[in-house]
Each structure stands twice: as C-alpha cells, then as structure tokens.
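Subject: Handing over a structure

Hello,

Here is the structure I said I would pass on. Please have it open as you read; my notes follow below.

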Amino acid sequence: MTRMERGRMGEDAVRYYLEALGYTILAQNFRVRGGEIDLVATKGEELCIVEVKTRTLGSQETGLEAVTWRKRQLLIRAAYAFCEKQDIDADDWYIRYDIADVTVHHDRIVDIDYLESAFDATDFSL
C-alpha cells in the first residue's frame, strides 16, 4: 500500500467515524492554493475542519505532532476560503479545528484517536 492509499484509507475511515457520530460531511479533500482540508463537517452550530494523519503502528511521531504551526496556519486560511467559496458566513459558526490520528497495521485500521478542538485560530493572523 502506498502512502497516498494509506492516507485515503485513513480519511475514509474518519469520514465514516464522524458520520456514525451524527456529523454531516460537507467536503472531503477541499483544495485551495497553498493548502487542503481533509474533511469539513458540521454538527450542531460547529463547523469542523478536520486534519487526518494516518500513521503505521509504531510510528515515532503522533498525528498531533505532525500538524506543525505552519500547517495549522494553512488550515485556518483554507477554512476561511472554504467558507467564502461555499457562501458560508464564518461569523455564524463556531469553527473548530480537529485532528484525527489514524493508526494502520498491515493495511487495516487499528485505531482512530480523534481530538476535538486540537487548536484554534487565536494565535494566527490571516
């Protein structure tokens, strides 16, 4: 399995995980210049920007550690671009930035560690 296939498998698993919890998926792999959002979902009044990190069992770096300050900044910018493109008033939503850390072993999902509100936009300027 290639790295890209493993990443797609992780994103699909998180999508199904969120749908089972009652989330509505608005987009998967939303791309803008300089960034991509793996999943955009809503639940209640929350707009959830989800970064999925898929790692093999025994990986030295967690998904949370892999989402650097720069990656967070790009996700925040992409979130606002998504809102603009979809004609969503960002002020009407609580925008939440989540990280899903997916662990695979022998091409099977063995764990999904989902961290709601992993970071926020307060320390970033757009």
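Predicted model: local features only at pLDDT ≥ 70, side-chain atom pairs only at ≥ 80, totals over all residues.

Start with helix H3, residues 69-85.

Which residues of H3 are buried? They are Arg72, Gln73, Leu75, Ile76, Ala78, Ala79, Phe82 and Cys83. Just past the end of H3, aspartate 87 has a positive phi of about 60 degrees.

Now helix H1, residues 3-20. It has 18 residues and reaches 26 Å from first C-alpha to last, close to the 26 Å expected at 1.5 Å a residue. Gly10, Glu11, Ala13, Val14 and Leu18 are buried there. Seen down the axis, the buried residues of H1 fall within an arc of 160 degrees, so they line one face of the helix. The general rule behind this is that an α-helix has 3.6 residues a turn, so residues three or four places apart point the same way. Met4, Tyr16 and Ala20 are exposed on the other side of H1. The cover over the buried residues of H1 includes E1, E2, E3, E4 and E5. Just after H1 comes glycine 22, with a positive phi of about 95 degrees.

Next, the sheet. In what order do the strands lie? The order is E1-E2-E3-E4-E5, in an open sheet of five strands with mixed pairing. E1 and E5 are the edge strands, each pairing on one side only. From one strand to the next, the twist averages 30 degrees.

Go through the pairs:

- E1 and E2 are antiparallel, with seven bridges. Threonine 24 stands opposite threonine 42 in E2. Their hairpin has two residues between the strands, and glycine 34 takes a positive phi near 90 degrees there.
- E2 and E3 also run antiparallel, joined by five bridges. Lysine 43 faces glutamate 46 in E3. This hairpin too has two residues between its strands, and glycine 44 in the turn has a positive phi of about 65 degrees.
- E3 and E4 run parallel, joined by eleven bridges. Here valine 50 stands opposite aspartate 98 in E4.

Both helices described above pack on this sheet. H1 touches E1, E2, E3, E4 and E5, and its direction makes about 70 degrees with that of E5. H3 touches E1, E2, E3, E4 and E5 as well, with its direction at about 110 degrees to that of E1. Within the sheet, E2 is mostly covered: seven of its nine residues are buried.

Last, the charged pairs. How many salt bridges are there? The count comes to nine.

One of them joins arginine 8 and aspartate 12, at 3.6 Å from N to O. Both sit in helix H1, four residues apart, which puts about one helical turn between them. Arginine 8 is partly exposed, at 41% relative accessibility. Aspartate 12 is partly exposed too, at 23%.

Another joins glutamate 19 and arginine 15, with the closest N and O atoms 3.5 Å apart. This pair also lies in H1, four residues or about one turn apart. Glutamate 19 is partly exposed at 35%, and arginine 15 is partly exposed at 25%.

Lysine 71 and glutamate 51 form a salt bridge as well, their closest N and O atoms being 3.8 Å apart. This one links distant parts of the chain: lysine 71 is in helix H3 and glutamate 51 is in strand E3, 20 residues apart. Glutamate 51 is at 3%, so it counts as buried.

Finally, look at Glu46, Arg96, Asp98 and Glu116. Salt bridges that share partners join these four into one network.

Best wishes

How values were computed: Residues numbered from 1 in each chain as written. Heavy atoms only, no water. Expected span 1.5 Å × (residues − 1). Buried < 20%, exposed > 50% of the residue type's maximum accessible area, 1.4 Å probe, protein only. Pairing = 2+ DSSP bridges. Arc of directions from axis to C-beta. Contact = heavy atoms within 4.5 Å. Axes fitted to C-alpha atoms, helices over the stretch in contact; angles between N-to-C directions. Salt bridge = Lys/Arg side-chain N within 4 Å of Asp/Glu carboxyl O.
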